[in-house]
Structures are given as structure tokens and as C-alpha cells.
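Reader: I have a model open on my screen and would like to learn how to read it. Could you walk me through its main features?

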Amino acid sequence: MRYKGLDLNLLHALDVLLELRNVSRAADRLGLSQSAVSAALARLRQYFGDELLVLDGRRMHATPFAEQMTEPLRVYLSATDSLLASTRPFDPAATPRTFRIIASDYVVAAVLVRVAERLAHEAPLLRFEFISPDEGSLERLKHGTVDLMISPRDYLLTTHPTEELYEERIVVAGWDQNPIFARGMTEEDFFAAGHVAVAIGTHRETTFADKYMRSLERERRIEAVVSSFTLVPWMLRGTMRLALMHERLAEVLSHALPIAYTAVPFAFPTMWEVAQYHRTRSTDSGLRYLIDQVRRTAAEA
């Protein structure tokens, strides 16, 4: 479709190019050849009379004009996606669609990989793009450039719809040769041990479990801090260190690594994982299907 002389299909390619700043990666995202994406960029440059992306060494940089149009472009595409999603029937077995989901590596490893495995058979034309949370996550959600964000409620926006997905228990994990697991862990054992903590993103965002621990009068001795939940077991193996971990993740990892886990030896709150999406997606039947699948899979874990 053309509008004022512009092939509107090119706008999706432009959005991906402005996000990735790399022709080959954009081609992978779009499912096109590099030559096709290069040709699309050339047509966009000709239409707008601007270079849009300029190669400097091995990286492409957006021109001031391209930077200025980035946000309006994303708002336009998000509104278009919402319009199409609300008017087009969603058939899991026949509808091709890419879901972009912001979720921690814990959520991906413990729940979403199982969702993807199930839907590979039930909805074979669906594609998933999992994005790690960072300082730009809420902006992506606010601008509608992702379909879904899964997180504890404290880390979500108050201006867009949320839905509780599942409840998660926090456990204590460690090396399976640590004798503390065989004899039974006490509160004194817990605080006497060294610990591994998790801090997310460049701003080192505190996790749900670590945030609660900071509210207590007693402090742990932190011996290592890692940037993702799935790195924790590697810092536990062969040591007497302990870590607070999501029970579903501990269960998954205990089958692949020498990890044991047990209940926290004192009162500890459970955590709710919550789904959030842009308010314009409230009638999106495809998104509703996905949320239901996540909830169903978590209930079976």
C-alpha cells in the first residue's frame, strides 16, 4: 500500500533498522535478505531526502532527522498493530505473528521456554522474541514497541493494564554437596554463609528477593553479584555459598546442574509475576491467547 508516494511496508523496515542499527540483524528480524533490506533503506533515503543511517566504522548511526522521527514512527506502528489485532480474528494454528516479550532470564527459563515448546505444535506460525529487562523496558512498553512485559508488580507502570499470572515461592539454593542441605538449614546457617545476589541492568536494579532482604535487620554476607538469575548456579557449584532463587527456576536448574534447594528458614513473602501490556492492546485476541498460555503453563510447572 502506498500513501503519498511512500510504500508503507517500508516503515516497518525503517523501525527495525533504527532500533538495531545493523542491516544484517535487521534482515534476520524481518525475515528478508540483506540485499532486500539494503534496497529498502535506499528507497527510504530517496523518499525522505536524508541518509537516515550513516555507517561509521562497523556501526550505523542515525542522523538527526532519523532520531527525530523514531518516536512518532513507533507510535504510528503500534497504533496500526493494535488496530489490526483488534479487527482480525486470531487463529493459533494459522496466524503468523511475532510476539516481543520483555522478561527476565528466570521467567524465560522456567516458564516461557515451555510455552514456546507447546506452541511449536499448537501454533507453529508464531515467533517469539524474548528481551531482557533493562532501563529502557518501561519506555518500550509505554510506546507499544513490545507486546508484553512480565515482571513483579513493583517494576511495572501504573498507567497500563496488568494481570496476575502466577505465584512464585522463593527458596534457598546451593551446591548439592553442601552438607547444610542434608542436615536441614537453620536461620543461623543461612546468615553464616556467603551469598550470591543478582543485580539487573547497568543501574543494578535490585530483585524482589534482595529487596525484601534489605528490609530486614540482619544482613547477608554477599560474596558475588551476577547480572542474571541463570548465572547464579555457576557461582554456587563447588562452594558453600547460598542464594535466594525462584522455586521454578531452581527446579529446572537442579536437573541440569549440581544444585539443591530448600525452603527459606524464616518467614519470606511469595512473589506474584504479573503481565503488563499497552492499554491499546486490551482487545488483542492474540495477546489474550498468549497470556492464557503462560498462565496455564505456569500452573502445570
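Predicted model: local features only at pLDDT ≥ 70, side-chain atom pairs only at ≥ 80, totals over all residues.

Reader: How many helices and strands does the protein have?

Author: Helices (H or I, at least four residues) and strands (E, at least two) are DSSP runs, numbered from the N terminus. Here there are 12 helices and 15 strands. The C-alpha atoms fill a box of roughly 75 × 45 × 35 Å along the principal axes.

Reader: What share of the residues is buried?

Author: Buried means under 20% relative accessible area, exposed over 50%, and partly exposed in between (1.4 Å probe, protein chains only). Of the 301 residues in this protein, 48% are buried.

Reader: How should I read a helix such as α12, and which elements do its buried residues pack against?

Author: Start with its length: the expected span is 1.5 Å times one less than the number of residues. Helix α12 covers residues 285-300, and its 16 residues reach 23 Å from first C-alpha to last, close to the expected 22 Å. An α-helix has 3.6 residues a turn, so residues three or four places apart point the same way. In α12, the buried residues include G286, L290, Q293 and T297. For packing, contact means heavy atoms within 4.5 Å. The buried residues of α12 pack against β5, α5, β6, β7, β8 and α11. T297 has a relative accessible area of 5%, which means that T297 is buried. Beyond its neighbours within four places in sequence, T297 touches V111, R114, V115 and R118.

Reader: Which residues have the most contacts inside the largest nonpolar core?

Author: In soluble globular proteins, nonpolar side chains tend to be buried together. A nonpolar core is a set of buried Ala, Val, Leu, Ile, Met, Phe, Trp, Tyr and Cys residues joined through side-chain atoms within 4.5 Å. The largest one has 44 residues, with L112, L148 and I150 having the most contacts inside it. Helix α5 gives the largest share, eight residues. A second, separate core of 24 residues includes L11, A26, A40 and L53. Setting aside neighbours within four places in sequence, L148 is in contact with residues including I102, A275, L287 and L290.

Reader: What lines the second largest pocket?

Author: On a 1 Å grid over the protein atoms alone, a pocket is an open set of points where a 1.4 Å probe fits, with protein on both sides within 12 Å along at least five of seven lines; lining residues have an atom within 4 Å of a point. The second largest pocket has a volume of about 620 Å³. Of its 36 lining residues, P133, Y155, I200, E205 and T206 are the closest to its centre. The lining divides into 23 nonpolar, seven polar and six charged residues.

Reader: Is E129 buried or exposed?

Author: E129, in strand β6, counts as buried because its relative accessibility is 14%. Apart from neighbours within four places in sequence, E129 is in contact with R29, F99, R100 and I101.

Conventions:
Residues numbered from 1 in each chain as written. Heavy atoms only, no water. Points joined across faces, edges and corners; volume = space filled by probe spheres on them. Nonpolar A, V, L, I, M, F, W, Y, C, P; charged D, E, K, R; others polar.
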